[in-house]
Amino acid sequence: MLHVRFDGHSGGGFAELCALPALQPSCDILAQRPEIDGNCSTYLAGAALARLLPGDEIKPHFDSHCRLSAHLGLRAVEGASMMVGGKISSWQEGRTLVFDDTYVHSVRHHGVAPRYVLVSWFCHPCDLTWRKKLPSEWLEMNPLPKWCGEGGGHPPVEGYGERL
């Protein structure tokens, strides 16, 4: 996987992934989002280009950091699927699967052609530490979701696991 960090921890981000002409527009959009830019200090906030070969499997795992993961299908193929929280999903080209990275997830590929996705990891909307860094105009347009309860800090997010 090629990784791009938007928080300055890898020499300012936009490494070789964003140098690819086909991905420059996506990188530009991601870099402008407060959920992924320098305001978001969650572990590995950024993006990666992920290839999954036929027969590959990513064992069940989860992250202990408060973040969401988004998988944009670039080349979705039959036979590749992901299980998140007990639910199986498949990628579709041009569509995004978004999930809470603290849920157990795994990937399997029983197809015949490689699968490619653009993965981005970004701050969870319940993370109050991140939200405190954002301008009031943005916060007014994006209020703390009711299901967050009182939110919490980074990591772990106090009250976060108790209400989901």
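## Getting started

Helices (H or I, at least four residues) and strands (E, at least two) are DSSP runs, numbered from the N terminus. By that count, the chain has five helices and nine strands. Starting at the N terminus, the order of elements is β-α-α-β-β-β-β-β-β-β-β-α-α-α.

This is a predicted model, in which local features need pLDDT of at least 70, side-chain atom pairs count only at pLDDT 80 or more, and totals for chains, interfaces and linings use all residues. Residues are numbered from 1 along each chain as its sequence is written, and side-chain values use heavy atoms, with hydrogens and water left out.

## The chain as a whole

Of the 164 residues, 41% are buried (under 20% relative accessible area, with a 1.4 Å probe and protein chains only). Now for contacts, meaning heavy atoms within 4.5 Å: among those in the chain with a separation of 6 or more, 67% join residues 24 or more positions apart.

## A look at strand β5

Let's visit β5, which spans residues 80-84. In a regular strand the side chains alternate between the two faces of the sheet. The covered face of β5 holds Ala 80, Met 82 and Val 84, while Ser 81 and Met 83 make up the uncovered one.

## The neighbours of β5

Two strands pair if DSSP finds at least two bridges between them. β5 pairs with β8 (residues 105-109) in the antiparallel sense, over five bridges; here Val 84 has His 105 as its bridge partner.

Key. Buried < 20%, exposed > 50% of the residue type's maximum accessible area, 1.4 Å probe, protein only.
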